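Thanks for taking a look at this one with me. Please open the sequence and the structure side by side, and then read through the points below.

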Amino acid sequence: MNPNLKAICEKYNYRLPSVVDQILNRYIKDILKDLSETVPTLAVKVPTKLTMKQKKKEVLGEMAVERNDKGEVLMLRYDCVTTHTARRSGITNIYLSHKFTIVQMMHVSGHKTQKTFIDYIKLSSDEIADKIDAIINGAKEEVF
């Protein structure tokens, strides 16, 4: 076990406290907002989708939403990050490390099919091209 993980588990006598996602997401957004002062890309407005709660607030006039010329909702990047973003990025990064097979990764992520797993990890065109290059050049790694 990782020494840091072991220390945390021992600190709590292996009874880890529960975490409320909404509160943790608020902390993540606050931290990234502060960080955006030194990492400007975090303050860029990006197209996103509204949550059901946000849609309701928009309809009730409790929330103003900016949209681009395509009608897509625009929000600051740091306002879009959640625990799920971290989970997805973590799983994608572990996948790209090539240390585990797709089947092993699916056990970690909870996906039942390779198709849903591949859709979930969101590989870029460059990453897909690298995989194809690895196949063509005879690399001995598992490729989707």
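The notes below cover pockets, a surface patch and salt bridges.

1. **Before you start.** This is a predicted model, in which local features need pLDDT of at least 70 and side-chain atom pairs count only at pLDDT 80 or more, while totals for chains, interfaces and linings use all residues. Residues are numbered from 1 along each chain as its sequence is written, and side-chain values use heavy atoms, with hydrogens and water left out.

2. **The largest pocket.** Its space comes to about 690 Å³. Of the 19 residues lining the largest pocket, Lys29, Thr51, Gln54, Asp79 and Thr82 are the closest to its centre. A pocket here is an open set of points on a 1 Å grid over the protein atoms alone, where a 1.4 Å probe fits, with protein on both sides within 12 Å along at least five of seven lines; lining residues have an atom within 4 Å of a point. The volume is the space filled by probe spheres set on the points, which are joined across faces, edges and corners.

3. **What lines the largest pocket?** Helix H2 (21–35), helix H3 (52–59) and helix H4 (77–80) are the elements that give two or more residues to the lining of the largest pocket. H2 provides the largest share, 6 residues. Helices (H or I, at least four residues) and strands (E, at least two) are DSSP runs, numbered from the N terminus. By type, the lining of the largest pocket has 5 nonpolar, 6 polar and 8 charged residues. Nonpolar covers Ala, Val, Leu, Ile, Met, Phe, Trp, Tyr, Cys and Pro; charged covers Asp, Glu, Lys and Arg; the others, Gly among them, are polar.

4. **The second largest pocket.** This pocket has a volume of about 220 Å³. Its lining residues include Arg77, Cys80, His84 and Lys122. H4 and helix H5 (83–96) each supply at least two lining residues, and H5 gives the most, with 5 residues. The lining of the second largest pocket divides into 2 nonpolar, 5 polar and 3 charged residues.

5. **A nonpolar patch.** Val19, Val20, Ile23, Leu24, Tyr27 and Ile31 make a nonpolar surface patch of about 560 Å². Such a patch joins nonpolar side chains (Val, Leu, Ile, Met, Phe, Trp, Tyr) within 5 Å, from residues with over 30% relative accessible area and no salt bridge. Accessible areas come from the Shrake-Rupley method with a 1.4 Å probe, and for residues only the protein chains shown count as cover. Val20 sits in the loop between helix H1 (3–11) and H2; at 43% relative accessibility, Val20 is partly exposed, a class between buried (under 20%) and exposed (over 50%).

6. How many salt bridges does the structure hold? There are 4, each a side-chain nitrogen of Lys or Arg within 4 Å of a carboxyl oxygen of Asp or Glu. Glu10 and Lys6 form one of them (4.0 Å, N to O), and both lie in helix H1, 4 residues apart. Asp119 pairs with Lys115, with the closest N and O atoms 2.8 Å apart. Because Asp119 and Lys115 are 4 residues apart in helix H7 (residues 114–121), about one helical turn separates them. Asp119 is partly exposed at 43%, whereas Lys115 is exposed at 59%.

Conventions
Patch = residues over 30% accessible without salt bridge, like charges linked within 9 Å, V, L, I, M, F, W, Y side chains within 5 Å. Buried < 20%, exposed > 50% of the residue type's maximum accessible area, 1.4 Å probe, protein only.
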